[in-house]
Amino acid sequence: AEFGIAADPTIVKSLLCVWMLNCFEYSEAPRRYAVYFLPSFMSHSCLPSAVWALDDSGRYSLRARRDLEVGDEIAISYLSEDMLLSP
């Protein structure tokens, strides 16, 4: 489809990749995603030390998945819980 916007396809592809790797699912029905500035800078781990938790009022909080010591890196998974738990 033509939208009348001139953009370099390489830049558009790069920006879409950045969005996909930095977005967070915030609703399952219907499925919705958003990008948040500070969380997008967090380190990734397949054994994350923290997880984002959505409360009943729709606010996110960062929760530790295990006991942390001073100096431990706080990392989240860029993958969904389902993907982390799959074989």
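Is Tyr-33 buried, partly exposed or exposed, and what is its relative accessible area? Tyr-33 is partly exposed, with a relative accessible area of 37%; buried stands for under 20%, exposed for over 50% and partly exposed for values in between, calculated with a 1.4 Å probe on protein chains only. The model is predicted, so local features require pLDDT of at least 70 and side-chain atom pairs pLDDT 80 or more, whereas totals for chains, interfaces and linings use all residues. Residues are numbered from 1 along each chain as its sequence is written, and side-chain values use heavy atoms, with hydrogens and water left out.

**Figure 1. The aromatic pair of Trp-19 and Tyr-33.** A pair of aromatic rings is described by the distance of the centres and the angle of the planes. Rings of Phe, Tyr and Trp (its six-membered ring) pair if their centres lie within 6.5 Å; planes under 30 degrees apart are termed stacked, over 60 edge-to-face, and the rest tilted. The structure holds three such pairs. In one of them, the ring centres of Trp-19 and Tyr-33 are 6.3 Å apart and the planes stand at 75°, so the arrangement is edge-to-face. This pair links distant parts of the chain, 14 residues apart: Trp-19 belongs to helix α1 (residues 9-22) and Tyr-33 to strand β2 (residues 31-35). Helices (H or I, at least four residues) and strands (E, at least two) are DSSP runs, numbered from the N terminus. Trp-19 is partly exposed, at 38% relative accessibility.

Figure 2. Contact here means heavy atoms within 4.5 Å. Leaving aside neighbours within four places in sequence, Trp-19 is in contact with Tyr-33 and Val-35. From Asn-22 to Met-42 the C-alpha distance is 9.4 Å, at a sequence separation of 20 residues.

**Figure 3. The hairpin of β4 and β5.** Strands β4 (50-54) and β5 (residues 60-64) pair in the antiparallel sense over five bridges; pairing requires at least two bridges found by DSSP between two strands. Ala-50 has Ala-64 in β5 as its bridge partner. Five residues lie between the strands of this hairpin, and Gly-58 takes a positive phi near 90°.

**Figure 4. The largest pocket and its lining.** The largest pocket has a volume of about 910 Å³. On a 1 Å grid over the protein atoms alone, a pocket is an open set of points where a 1.4 Å probe fits, with protein on both sides within 12 Å along at least five of seven lines; lining residues have an atom within 4 Å of a point. Points are joined across faces, edges and corners, and the volume is the space filled by probe spheres set on them. The lining comprises 30 residues, and Phe-24, Glu-25, Leu-79, Ser-80 and Glu-81 lie nearest the centre. β1 gives the most, with six residues. By class, the lining divides into 19 nonpolar, five polar and six charged residues, where Ala, Val, Leu, Ile, Met, Phe, Trp, Tyr, Cys and Pro count as nonpolar, Asp, Glu, Lys and Arg as charged, and the others, Gly among them, as polar.
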